[in-house]
Each structure stands twice: as C-alpha cells, then as structure tokens.
Amino acid sequence: MSNKTLSLVAASALVISGAAFAQAPALTGASKWTDSAAHEIDAATDAGDLTRLRSARTLLDRALVAFPNDALLLHYKGYELHREASLQEGLGHRNEVEPLLDQARTVLEQSLAVKPMPETHALLSSVLGRSIGFHPLKAMFLGPESGSQMTSAIALGPNNPRVWLLRGIGAMFTPSQFGGGMSEAEKHLKKAAELFETDHPVPPAPSWGRAEVYAWLGQVYQKQNKPDDATAAYNKALAIDPQFNWVRNVLLPSVKPR
Amino acid sequence: MTRSLLTGVLLAVASFATAWQAVSAQSPDSARFVRGTVRDNDGAPIAGVDVFLLESLEGATTDSAGRFTIRTIQRGAATIVARRIGFAPTQRAVDLATAGSVQISLVRQAPVLIPITVVAGAYTAGSERGAVLNAIQVASTPGATADIARAIQTLPGVQNVDEGTGLFVRGGDVSETKVLLNDVVMIEPYNYETPTGNYTVTVDPFLLDGIFFSSGGFGARYGNILSGVADLRTQGRPVQTSVVATAGLAAVSAGLNLALPHGVGTHATATRSDTRPMFKLNGSTRSYSPAPNGTDFSGSAIWKYRPSAEFKSFGIVRHSALGIEPSDPSASGGYAADFRSSMYQTGWKDLFGAVAPTISVSSAQTHRAEEFGAFTLGDIERSTQLFAQTAWTAANALTLRTGVDAEWRSARFVGRVPSVGLTKFDSKTSGARNGLFVESDFQPVNALRLVTGIRSDRSSFTNVRTVDPRVSAALRVGGSATITSAWGVYHQVPDPLYFDAALGRPGLAPMSARQAVIGAQLGDDANIARVELYDKQYHDLAQLSLDRVVVGGGTGSSHGADLFLKGAIPGILGGRVSYSFVDANRTDPTSGLRARAPFDVTHSLTVVAEKNFGIGWNASGAFRYATGKPYTPVTGATFDQTRQLWVPSYGPPFSQRLTPLQRVDLSISRFIPLSPESFLVVFASVNNLFDRVNVFEYRYSSDYTQRIPVRSLFNRSYYVGGSISFARQ
C-alpha cells in the first residue's frame, strides 16, 4: 500500500468516523429526550400512528419529571398535542380535538414563559386560530391573539421556515377577506420551501416541516386547479420523506389529471 | 509522515471501536428486566401506573394486578418513578443489580382537580374559558345598546323593574348592588340618571376584560354590599397596536391601543355623546332641554413585567348634562341635571410561588347638580379606597385569601327642600370604613368545593363593628351537574346623605341581610341549565319616605327562584332564557307598615336569540316581560290652607301595580374585513319594535283628581352606527 493509498484510507476513515459522530451528536440530559421525542412525533405523524404519537407524549411527560422547566420539552409537548389534534380531527373525532388544543395552548404558553422561540409562538398562533372553529363568538379575541403570536414568531424568526409554513397553513383556512386565501398561502409556503433549503437546525432544535411544506403546497395547487404542480409538489415531499404516508396514500392519489 | 498516517488510522479504528462498544452495549442480549408491583396505601394493586427509570426514561404501565416489567439497559443505581392521576407521584432509588421485585406504594391524593367554577349566585362574562357570557354577547345583546348593566339584566336574579339600567337584584333596592372596577367600588357607575330611569353604565364594554356578577351568596371578599355585585376588570396589555373610531346616532368615539415593548401597553378612549340626532329620528317620550349629552375620556396604562405580574392604572373623566321639561300638571318645574365625575385607579398584582398579592387604590369624585322644580340639590362626593388581598395556594386543593379594604367618603349637600321646612341647606358629612376578611377555598375531593370566610367591617358613620360569616359549597354530581348552596350575613352602611345632621338621621345602624341560596346547574360552558332558590331577611333598612325623610329600622324579606337556560343548535341558533320569580316585602318608610317592596316584580322573563349567518353577519333579538312594578295609589286629597296646596291621602302602600312591561328588540351587525389589519363593523338596531307603551309611573294633577301615566324612556327607536379599526401587525 502506497503512502498515497494509506493517506486516502486514513482520510476516509476520519471522514467516516467524523460523520458518524456528527450524525449521532452526544446529546445529554433534556436534549437527548427532546430529540428522541421529536423523531418519534415525526415518525408517528408520517405513519398516522396515534398510538406512537401518544408514546412520544409519554416520553415527554417522563422527561418533564426530570426537567420540569425545559422550554424545548414543553415546546415539543405542545407540538405533539398539536399533531395529535390534527390526527384526531382527520379521524373525525371532533370531540377529542378541543381538549387537546386547550392543553397545547397551556403547554406552549409555559414554554414561552421559560424561553420564547419562533416556532413556539407560531404553534401557539396556529392552536389559537384553530380554537376559533370551536368558539366562533370568541373570534374577536382569539383572532388578534393568534395574529399577535404570529407577529412575535416572525419578529423572533424572520427566516424560520417553520414559522412561514404555519403561516401558510393558517392562510389556507382563513377567508381572503380576513387576510388569508390560497394566493397568500402559496406565497408563504413558497417562502417556507425556499427557507428550508438553507435550514440546518442543530438537534434538538425543531427541524420538522421540510417535507410537509410540499404537502401543503400541493394542496394549494389542487385548490387552484393546478394538478401538475400539485403532483410535482407531492413527489418532492416524497423525495424528501419517502415514508410520508399521508402524501403517498391520500394526497397524491387525490390529484385528478386535468 | 508515516507516523502521522498511522496515528490517523489508529484514531479511526479507535473511533469505530468506541462506536461498536456503544452499539453492542445496547444490544438486546444485554437488556435487564426490572419487575415489581404498585399498590395503594391500603395494599390494593393499582392499574395504569406509569413506572419508569428517571435516568433512561424506559418504562412500562402496570397491569390490572399492579405489576410492571421494565426492560432496561441501565446498570447500577437508578431512580424509579411511579405516576398516576389520583395519586401522589413517588420516586425511589434502587440498585438494579440487587433490586429484585420492587414494591412501590402510592398515596392516594386529590388528583389534578378539575376546578369547580360554578358558584351559587355567580355568573361571569369575559373572554376566558367557561364564561357564561362573553364580551361580544354583552355588546350585542339586543336592546342593551352595548351597556354592561343592561346585558347583566339578562341574567337571572335581576328584576326588570323598569327600562333603566338599575340592577335590582333578588328583591333588593338598586343601591344594594355595587359596581366595582378593578376591586374598588365605583361611586357613580351610571350615566344620565334621571328620576324616570337612566340610560347607560359608564364603562365601555370593550375596555373590559371580564365581568363577575353575583346575585347573592358572594364571598367574604366583598364588603359593604347587601344584594349584588358587578365586578368589572379592565383589559390588560393590548396584543397589538390599533386605532378604533366609532360613530352612531347618539355618540362618536375614538380609541387608541398601543402595544409597546417590554410588556407595556396603553388604551385610550374619547367619547362625545349627543342624543339629539337619535331623538330627531325617533321622537322622544320626554321633552328635553338640553337633550342628554356629554363627554368622557378614559385611559389605562399597563406594564406586564412578567407573565404573572402587572401594574395597571385606569382613569375616567366624565361630564354629562340633561334637562327634562315638565310634562304633567303637578310639576312646578322640570328636571335638570349636570354631572361631573372622575375616577383614577391603580393596581398591582404578582405571583411569588404560591403567594399572589393584589393591591388596588382609587380616588373618585362626583359633582352633581339637580333641580326638581322647587327642590334643588347639589352634591359633591369624594371617595378614596384601598383594597389589598393576598391569596396563598397552601396545597393542591386549598387556597387561603386574606385582605383588607378601606374607604374614606366625604359628601357635601347644598340645596333647598321645601317639604321638610328647610328653605336652604349646606351640609357636610364625612366618614370612613375599614374591613378585613379571611377566606378559605377548599376542594377536598374532586366533586366538592367549599368556600368559607368571615369578614368584619367598621364604619365611623354607624360606629358599629359588624361580623359577617359566609359559606358556599358546590358539589359536582356526575359529569356536568353541580349542586350549589350558599349562606351568609351581609351588611351595608346607608348612603352618607342619610347621616347628614340636617337632612338625615345620624345614628342609623348598618343595614343587614341574611341570605340563603340553593341551586343546581347542568353544563358549564356552551349549554347551561341552572335553577336557584333563595331567601333573604333584611334588618335595619334605611329608606327615604315620600317626603324624602330618612327612616331607619326597616325590615324585609325576599324569596324566589331564578332559572337560566343557555344553549345553541350549532349552525342554526343560539340563545339564552332568564326567568326570575320574586316575592319581596319590606317596611314602607312613609306608613311604617310592612308592605310589598317597591321593586317586587313577581315575574321577569328575558329571552335572547342570536343567529350567526356566516362570517360577518350576525342578528339577534330579545323579548322582555315583567310584572308591573308596585305603586302606592292616591285615594284622595285635602287642601292645606296654610301651605296653599293639596295634600294627598294614600291607599295601602304598594298595593297596586303598573301594567306589565313588555318589549321586543332586534339588532343586526355586519363585520367587514377591509384588509388583514383593518375591519369595519356596521350595526343597526330597533328598540321596542312594537312601540309598546310601558308605564314608568303615575303622576297626578295638582289637586290629585287626574292620574297621568308617565311613559318609560323608550319608544320605538332605530339606531345605526359603525366602527372601523386599524391594527398594526
């Protein structure tokens, strides 16, 4: 073996070992559990697995016994409740949704009291916005509160793709006369997609949404009667996350060719 | 070079070795099992307990025999945590190598209690979850003209004595219900008071964050109140900066809300009201000169220096005037009034662990000048108040509250009262009251909440110290049914005017009421059915006779039933029904006989229905019915040669009733978004749709041979307006 070959082997070995360490950073304490829970929530969401989602909450609840005031743990608990509410709503269990949103609101407010993060503000904005559906008469209070949380989210993280993702989703469900609509949603979701290109959060910071943004963008395109664009968006989502069952089994088959 | 290469290779190999060790250490073969049982303090196994190792969070749930098995890669010392709702969580250290079967005992405790928010006699309105009415419903109650008191009148326990804003609660006089703002009493809560009714409560509902209303059985925290409490809380820091402008047929207003950095925010509102355009469009049941008009400015500043703490200051300055020309032959002159008032309040609240202190101080002043023909009264009142409370959450289910309140009142009365032989008077009176209270709020089990308290007050007007014990209980039965009850003693010092040496009767005792309430409620949010029965016994009532002479020592009683239904058919219709039955009597101050109370309105019914037609459109309607209020008939008159006037003779006091009050009101509003940051609301309403002639009282010709009905203030009237708001996101 020549010196050159040895150098290459050694360099490769160092790169490989270095990469191995980079992929499995030595997270400890609350960060370790936060990261585990985050992966569980995302995997459960991909699979539409309610049981696995609840297991992630159990993990977070256990970790919160050890680290009761950890902002990220609280954030992820709010994130899990938000996801669980969406899944329950998708399953038609409307009665289950409101208590989950109430809990999510409480936990996200606790997280913000410890350490404000853009994603936490944006999630709280989303939770408050969704609560309007259960209490239309409180729209006058919940609407501005939701808007204020989104304003704080953008102020704290103007280039945070998850903030723009949630803003885009919110716009999809807000009538155009209230500042929402498909064009607004498309604008925000495209911005989110663009920001995800350069988004490399360090674990356990929130990293969700990279594939999801295309799932929502695809739906916007469907509403705008752009099936080709929708298909492209869904395929992009699957390219990023091949396990994204919602896109594979529900959204993509729903596209009707022009 | 070769050495460095070798070092690199060795490092790489070492890295792989370390990684392999880490992986192999987690291989299933090396897993251990921690087994055990969880029991309660009686030795019974507990199912559904989450048992886990704190270091690795590996865990399991106990089965029906209380058994658990945790699969772990942990070694050596570990901490086992066991948790289940209804039991105190426990942790214990174990050595996994020697642990054997781990036996864990959990102590049963009150679980994370579901708060019982239903309290006898109490209703809340605001944006918080569980409110009986929210602020929009307050503002959109048909016929309420966005008035807080009129919206409160749609709750049970308030008698529709007339069409004014007075809160006559459960057979009590309007003066027995106090309006509080941020814990201190407003000495002048009403605008445009006239002898024949009043129009509005001072505070704009959109300045409020919430309202607590109690028709009886309220706790020891509220002193110097006999019948009812309307406790208003002003808004906290605005969530966004916005400008609001509103214009209607009778008023224009502008508001500015600033959300500033560092938790600081302000609200400011200026209103100019002038009823002339409204009366020009609708006509009027009175001949005004001038028509009711006024200005008011209010503002608040908030510093929320952390989520649980804030300083808040609120101020309001008002001026209003009106004149009513005489419309009946007995009147020697009309009525004219000019009111000026101001109130400034500052409060602080914080939370230090389990201790939550609150302080509120206020200074208020009113100048009132009134003319009733020959009778004139100038009244200047000043009030300074302090309220301080500390709430200590002593345990999961126990909160102890203790506090003090103090009030310094002074009043000067200037005027002329021909009938008591005084041509002129200029009199001053002043005094102070202090009170202290202790209250325990205890939820010993999930289904039961007990609030017990005692308060003591002393006023320099009466020179008497009173002691008021109060108890209330709420028992949750099943999922959403709650049985409530309350009992208490309540005292109130008569108005300072009553102690005036010239006009009143110094030495009056504090008025007292003993209240007992029992009721039940089904539901606690969107759909509510509630019924309450009550009994009140009054002593030492101080009242004014027909000749405006102060008479003390009155007694009385009131008992009745209140019913409240609130519900919605989603997407179709929402609404509420309030019904109150009351049988109230008290000493008639003119004759000294025990008779019907002047506000003994046997049946009061209010039905409110609202329909949301989709985003933006909202319509609502209300129907009100009330038994006619009692009055004392004039049976004849004799001519007094000395005074050269007719002196009436009266029949049995309050033995007859006016015709029943009925009224239908409609309102409609449209919310129009203009941009994401701005919106317009336009609204229109018809009050007294069928132009029903409701009689406020009877007056007589100067020789009392003719009885003239005086119509209430409200004929059929239309009102339109709009409000535009711009916000900065």
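A: A residue is called buried if 20 or more other C-beta atoms lie within 10 Å of its own, exposed if 12 or fewer do, and partly exposed in between. The model considered here is a predicted one.

N182(B) is placed in the loop between strand 12 (177-181) and strand 13 (184-185) of chain B. N182(B) has 23 C-beta neighbours inside 10 Å and therefore counts as buried. Its backbone also deserves attention: N182(B) is not a glycine, yet it has a positive phi of about 50 degrees. D183(B) is likewise placed in the loop between strand 12 and strand 13 of chain B. Phi of D183(B) is near 85 degrees, again a positive value in a residue other than glycine. Because D183(B) has 25 C-beta neighbours inside 10 Å, it counts as buried.

F564(B) belongs to strand 33 (residues 550-569) of chain B. F564(B) is buried because 23 other C-beta atoms lie within 10 Å. Apart from its neighbours within four places in sequence, F564(B) is in contact with L155(B), P156(B), I528(B), R530(B) and S578(B). F564(B) and E532(B) stand 32 residues apart in sequence, and their C-alpha atoms are 8.9 Å apart in space. R318(B) and T366(B) are separated by 48 residues in sequence and by 9.3 Å in space, C-alpha to C-alpha.

Of the 729 residues in chain B, 39% are buried. Of the contacts in chain B with a separation of 6 or more, 61% are accounted for by residues 24 or more positions apart.

Residues 24 or more positions apart account for 58% of the chain A contacts with a separation of 6 or more.

Helix 2 (residues 29-47) of chain A shows burial along a helix. It has 19 residues and reaches 28 Å from its first C-alpha to its last, close to the 27 Å expected. Its buried residues are W33(A), T34(A), A37(A), A38(A), E40(A), I41(A), D42(A), A44(A) and T45(A). In an α-helix there are 3.6 residues a turn, so residues three or four places apart point the same way. The buried residues of helix 2 of chain A pack against helix 3 (50-66) and helix 4 (71-90) of chain A. Just after helix 2 of chain A, G48(A) takes a positive phi of about 65 degrees.

Helix 4 of chain A also meets helix 6 (residues 118-132) of chain A: their axes come within 10 Å and cross at roughly 30 degrees. Helix 4 and helix 6 of chain A are therefore roughly parallel to each other. The contact involves H75(A), G78(A), Y79(A) and H82(A) of helix 4 of chain A, together with E119(A), T120(A), L123(A), S126(A) and V127(A) of helix 6 of chain A. These contact residues divide into three nonpolar, five polar and one charged. Helix 6 of chain A is mostly covered, with 14 of its 15 residues buried.

A further pair of helices has another orientation. Helix 8 (residues 161-172) and helix 9 (residues 182-197) of chain A pack at an angle of about 165 degrees, and their axes are 8 Å apart. Helix 8 and helix 9 of chain A are therefore roughly antiparallel to each other. Helix 8 of chain A passes helix 9 of chain A in a left-handed crossing. The residues of this contact divide into 11 nonpolar, two polar and three charged.

A cis peptide bond, with omega about 10 degrees, joins P203(A) and P204(A). P204(A) is placed in the loop between helix 9 and helix 10 (212-223) of chain A.

Note on methods: Residues are numbered from 1 along each chain as its sequence is written. Chains are lettered from A and ligands numbered from 1 in the order in which they are written. This is a predicted model: local features need pLDDT of at least 70, side-chain atom pairs count only at pLDDT 80 or more; totals for chains, interfaces and linings use all residues. Two residues are in contact if their C-beta atoms, placed from the backbone, lie within 7 Å. Helices (H or I, at least four residues) and strands (E, at least two) are DSSP runs, numbered from the N terminus. The expected span of a helix is 1.5 Å times one less than its number of residues. Axes are lines fitted to C-alpha atoms, for helices over the stretch in contact, and angles run from 0 to 180 degrees between N-to-C directions. Angles under 35 degrees count as roughly parallel, over 145 as roughly antiparallel, 65 to 115 as roughly perpendicular and the rest as oblique. Ala, Val, Leu, Ile, Met, Phe, Trp, Tyr, Cys and Pro count as nonpolar, Asp, Glu, Lys and Arg as charged, and the others, Gly among them, as polar. A crossing is left-handed if the near helix is turned anticlockwise from the far one by less than a right angle, and right-handed if clockwise.
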